[in-house]
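I opened my notebook to look through the pockets and the ring contacts of this one. Here is the entry, with the structure first.

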Amino acid sequence: MEKKKILYISQEIIPYLPESEMSEISRYLPQGIQEKGREIRTFMPRYGCVNERRNQLHEVIRLSGMNLVINDTDHPLIIKVASIQAARMQVYFIDNEDYFQRKCVLTDEQGNEFTDNDERAVFFARGVLETVIKLRWAPDIIHCHGWLTSLVPLYIKKYYHNNPLFRHSKLVYSVYNDDFKNTLSAKFSQKLLMEGVDKEDVSIINDPTFVNVSKLGINFSDAVIKGTKNINPEVEKYIHSTNKLYLEYQPKETYIDSYNEFYDKVF
């Protein structure tokens, strides 16, 4: 029987960023699932604070060079890769000078959220999916971690749904306690309009709060996981109201086995 393929998309992974529940799960879950006989690919943004020399990142020339148009502006897509030797796994990095060269992640040194985080989410989601197309790798499950990945389910269901690589892909969205405080750009929903994506699809983020951005990710997913013990209560209530396939928070000792069994239900 052919191995099931799982695509992991995360906004943070150790050792490239500091330890958090999300970065730890995004590091050890793919390894654990790979050891259970699945095939995996893993992606994260190449923030400017990721040390390229120490982590031995290098550009993948054959995957780089595409331009993504966001808000009527061309942005070059650069793909880098690094290996976590102990896990026998590679991590692909989405890079772009405009969005990911600054030395911080989602806020500046003073803790102020970047005003273009909405466009960074767009670039990251589309960059991952365009790269997977170039790899000609058809994922059975796409597992998204963190709000920065919230657009991936929308794009898969509305824009890439006719692409044979994604035709049978199921979407799993993990929600964490990664709330942002300020609303994103008021024009966020307009920047998402493209072939297959209309105003109604993204109307929930006409007011682009953390809660509404999370709801968008949930709406277009097939299943939802509670990634941290405590998440935004309004988001948690919304998850239960959707009656989607749902996995409660799983402790460190058991989450790899629990997620693996959950994937079988999603398939």
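How much space lies in the second largest pocket? I noted about 190 Å³, where a pocket is an open set of points on a 1 Å grid over the protein atoms alone, reached by a 1.4 Å probe, with protein on both sides within 12 Å along at least five of seven lines. A volume is the space filled by probe spheres set on the points, joined across faces, edges and corners.

This is a predicted model, so I kept in mind that local features need pLDDT of at least 70 and side-chain atom pairs pLDDT 80 or more, while totals for chains, interfaces and linings use all residues. Residues are numbered from 1 along each chain as its sequence is written, and side-chain values use heavy atoms, without hydrogens and water.

Back at the second largest pocket, I listed 13 lining residues (an atom within 4 Å of a point); I70, N71, D72, K191 and L193 lie nearest its centre.

Next I looked up rings, and the structure holds ten aromatic pairs (Phe, Tyr or six-membered Trp ring centres within 6.5 Å; planes under 30 degrees apart are stacked, over 60 edge-to-face, the rest tilted). F43 and Y92 are stacked, because their ring centres are 5.0 Å apart and their planes at 20°.

Y159 is partly exposed at 31%, whereas Y160 is buried at 4%.

How values were computed:
Buried < 20%, exposed > 50% of the residue type's maximum accessible area, 1.4 Å probe, protein only.
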